[in-house]
Amino acid sequence: MIFERLQKEFEAARASQTREVCLDGDEWNDGLLATIRERVHMEVDRKAMVGGTNTVLDHDSEDKITYRVGSKVIICCLEGARIGIQYETSFAGEPCELYHCVLESKSFLEKMTVLEHTIPFFLPIREAENDLLSSNAMRFIDFIGELLQAYVDRREQVRLIKELYGNQIGELYHSLPYHMIEFVIDYIGELYHSHPYPLMFQLSFQVTVSLKYADLISVLPMRARVTAWPMNQFKRNEAPGSQSSRARLSYAEDALRTMSLPEAYAEIVLNLPQAVQQVFDDRTKDI
């Protein structure tokens with residue numbers, strides 16, 4: 001309900017703007033944000049002077065400007081002394097959700113506060129408000145955009161591997177903001193054994209992938225751990241899945257730290273037969 005109400009209000013406000021200004025690089029700065037705040041309070045004062053009617057204001061007021069900064073759309077004058085920011089997220093060049101954040105201040109000299117928003121509850125907007133908004137409002141606005149885009153990137157990467165490789169993934173778990181992800185790949189490989197005579201046979205493996213991101217604005221994991229173990233015994237004194245039978249797949253961990261999750265998954269699966277064969281050779285060479 002909040003999203004629908006704010007979306008309608010934002011659409012109406014943008015429709016009433018006389019022009020949109022696109023900002024690049026240094027054009028988006030603290031000075032411009034101060035100008036936006038000043039315009040907001042001037043608009044409120046003008047409305048108060050004419051008793052809240054819009055007829056005179058529309059005729060006499062200055063241009064109503066919307067600013068676009070990358071994926072952020074900043075609307076100067078919502079009703080009241082409020083500044084609206086609409087965040088546009090995307091994945092692989094395709095648009096995803098819109099999010100809204102409404103800032104308010106009682107006067108030009110007072111600090112701004114977050115009045116309402118449509119940002120997911122598990123993202124730390126209140127912590128960012130406490131840490132940044134009073135001291136560096138521009139950084140706060142930019143940080144929330146980074147936070148939202150990174151969340152959508154991580155979420156969509158997981159959605160894509162489920163869509164493309166769901167039949168290979170046995171289990172998949174993730175935290176709400178997708179900054180911790182774990183899944184299992186069920187793999188049946190053909191292995192070659194030369195001793196005491198050449199033999200080709202099948203062996204079932206489970207590959208577990210565990211990812212942890214450094215923070216909520218990261219799109220590549222800081223830590224990746226990939227472990228493979230056979231569901232059958234390599235040696236008669238080893239239980240299936242025991243610690244001694246497990247093997248780290250370093251090539252897979254490197255791929256996950258440097259590629260997007262769907263790309264890394266494809267790399268893991270492509271090289272899994274050779275990796276599993278190497279694990280088997282290492283485990284059975286002394287049998």
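1. A quick word on terms: a residue is called buried if its relative accessible area is under 20%, exposed if over 50%, and partly exposed in between (1.4 Å probe, protein chains only). By that rule, both F183 and Y265 are buried, and Y265 comes out at a relative accessible area of 0%.

2. Before going further, keep in mind that this is a predicted model, where local features need pLDDT of at least 70, side-chain atom pairs count only at pLDDT 80 or more, and totals for chains, interfaces and linings use all residues. Residues are numbered from 1 along each chain as its sequence is written, and side-chain values use heavy atoms, with hydrogens and water left out.

3. Start with the sheet. Helices (H or I, at least four residues) and strands (E, at least two) are DSSP runs numbered from the N terminus, and two strands pair if DSSP finds at least two bridges between them. Here 6 strands make an open sheet with mixed pairing, in the order β1-β2-β3-β4-β5-β6. Its edges are β1 (19-23) and β6 (113-117), each pairing on one side only. From one strand to the next, the twist averages 25°; axes are lines fitted to C-alpha atoms, for helices over the stretch in contact, and angles run from 0 to 180 degrees between N-to-C directions.

4. Now look at β4. Strands β3 and β4 pair antiparallel over 5 bridges, with I85 in β4 as the bridge partner of I74. They form a hairpin with 3 residues between them, and G80 in the turn has a positive phi of about 85°. F91 has E94 in β5 as its bridge partner. This hairpin has 2 residues between its strands, and A92 in the turn has a positive phi of about 55°. As for cover, 8 of the 10 residues of β4 are buried.

5. Which helix lies across β5 and β6? That's α4 (residues 125-133), running at about 155° to β6. Helix α5 (residues 137-165) packs on the sheet too, touching β3 (72-78), β4, β5 and β6, and its direction makes about 30° with that of β4. Contact here means heavy atoms within 4.5 Å.

6. Next, the rings. Rings of Phe, Tyr and Trp (its six-membered ring) pair if their centres lie within 6.5 Å; planes under 30 degrees apart count as stacked, over 60 as edge-to-face and the rest as tilted. The count comes to 5 aromatic pairs. Y165 and Y265 are stacked, at 4.3 Å centre to centre with 20° between the planes. Y165 is in helix α5 and Y265 in helix α7 (residues 261-284), so this pair ties together parts that are 100 residues apart in sequence. Y265 also pairs with F183, this time tilted, at 6.0 Å centre to centre and 35° between the planes. Elsewhere, F121, F122, Y151 and Y178 are linked into a cluster by ring pairs.

7. Last, the nonpolar core, meaning a set of buried Ala, Val, Leu, Ile, Met, Phe, Trp, Tyr and Cys residues joined through side-chain atoms within 4.5 Å. The largest has 67 residues, and F183 turns up again among those touching the most other members, a group including W28, F140 and L249. Helix α5 gives the most to this core, with 13 residues.
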